[in-house]
Amino acid sequence: MVDTATWETEEERVVVGGAVQTLEGSPDGELIALGKTIPDVDESPPGSVKLLDAESLQAVRELTMSADDFPYDLSFSPDGESVAVGVATGLLYVFDVATGRQVHGAARVHHDFVQRIEWLPDGRTVVSTGADGMVTLYDAERGLVRAIMPAASRRGPAHTYLLSWTEDTVSAVSGEEPGRSYPLELETWLDHACEVAGRNLTRDEWSSYVPERPYRRTCTDRA
């Protein structure tokens with residue numbers, strides 16, 4: 001523990017057991033989420049994340065995953081009500097902080113370990129990068145993967161890093177290749193989809209991608 005006024009290490013130390021891979025504080029500063037890769041014999045199983053009280057550092061709750069799902073990165077939602085956990089097997093878990101229960105079943109977001117996860121400002125979308133060289137957008141409300149995109153022009157396994165994530169754009173780099181930025185505005189994607197498909201989205205396609213909006217023709221009405 002470090003005193004941020006003096007930046008001196010305090011004498012008191014907290015034993016968490018095992019090797020800490022990732023930790024993050026909640027937006028309100030009341031909790032700390034801590035994921036371990038190699039726990040002590042008498043500690044929690046590898047596939048778990050502990051929620052600690054930020055003041056006392058006592059365990060409040062435990063989020064449990066499959067035994068082989070070592071947590072590589074985690075992130076609280078902007079409102080602090082959910083926490084997303086990316087694991088070694090390429091899966092993404094989303095938990096309700098108050099109950100410790102999974103919001104949906106684990107989702108396959110990468111074919112290698114998850115390197116980085118962050119919530120977008122909309123509070124419902126989780127962006128992740130993985131060692132497979134891909135960037136994934138996951139809809140935490142509906143429990144489905146919205147998009148899987150290469151982080152570089154040359155596809156292939158590579159460590160992949162998020163550079164920025166805003167309401168409008170997600171940017172990432174992979175390996176030694178130049179990075180890519182992807183717009184998140186629906187109209188931009190519709191323009192591109194119309195160029196590729198040359199037709200309107202069907203009603204089934206529309207309900208899969210933008211179910212919260214009423215159906216309309218997507219290509220024939222565009223300039």
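In this predicted model, Leu57 has a relative accessibility of 16% and therefore counts as buried, the cut-off for that class being under 20%. The residue lies in the loop between strand E5 and strand E6 (59-64), and its phi is near 60 degrees, a positive value in a residue other than glycine. A positive phi near 60 degrees is also found for Trp7, again a residue other than glycine, which is located in the loop between strand E1 (2-3) and strand E2 (8-9). Trp7, however, has a relative accessibility of 64% and so counts as exposed, since the limit for that class is over 50%.

The largest nonpolar core comprises 15 residues, of which Val49, Met65, Phe76, Val83, Val85, Tyr93 and Phe95 touch the most other members. Two or more residues are given to this core by each of strand E4 (31-38), strand E5 (48-53), strand E7 (71-76), strand E8 (82-87) and strand E9 (91-96). In soluble globular proteins, nonpolar side chains tend to be buried together. When residues up to four places away in sequence are not counted, the contacts of Phe95 include the core members Met65, Val83 and Val85, and Phe95 also touches Leu63, Thr64, Glu81, Ser82, Gly100, Arg101, Gln102 and Val103.

Strand E7, one of the contributors to this core, is mostly covered, with five of its six residues buried. Its pairing with E8 is antiparallel and consists of five bridges, and within this pair Leu74 stands opposite Val85 in E8. The two strands form a hairpin with five residues between them, and Gly80, which is in the turn, has a positive phi of about 75 degrees.

A polar contact of 3.0 Å joins the side chain of Thr125 to the side chain of Arg146. With residues up to four places away in sequence left out of the count, Arg146 is also among the residues touched by Thr125, together with Glu118, Trp119, Leu120, Leu137 and Tyr138.

A search of the whole structure finds one disulfide, formed by Cys194 and Cys219 with their sulfur atoms 2.0 Å apart. The torsion about the S-S bond of this pair is about -95 degrees, so the disulfide is left-handed. Distant parts of the chain are linked in this way, as Cys194 is in helix H1 (residues 186-197) and Cys219 is in the segment after helix H2 (203-209), the two cysteines being 25 residues apart. Both Cys194 and Cys219 are buried.

Technical notes: Residues are numbered from 1 along each chain as its sequence is written. This is a predicted model: local features need pLDDT of at least 70, side-chain atom pairs count only at pLDDT 80 or more; totals for chains, interfaces and linings use all residues. Side-chain values use heavy atoms; hydrogens and water are left out. A polar contact is a pair of N or O atoms within 3.5 Å; within protein, one must be able to donate a hydrogen and the other to accept it, and residues adjacent in sequence count only if both atoms are side-chain atoms. Contact means heavy atoms within 4.5 Å. A disulfide is a pair of cysteine sulfur atoms within 2.5 Å. Helices (H or I, at least four residues) and strands (E, at least two) are DSSP runs, numbered from the N terminus. Buried means under 20% relative accessible area, exposed over 50%, partly exposed in between (1.4 Å probe, protein chains only). A nonpolar core is a set of buried Ala, Val, Leu, Ile, Met, Phe, Trp, Tyr and Cys residues joined through side-chain atoms within 4.5 Å. Two strands pair if DSSP finds at least two bridges between them.
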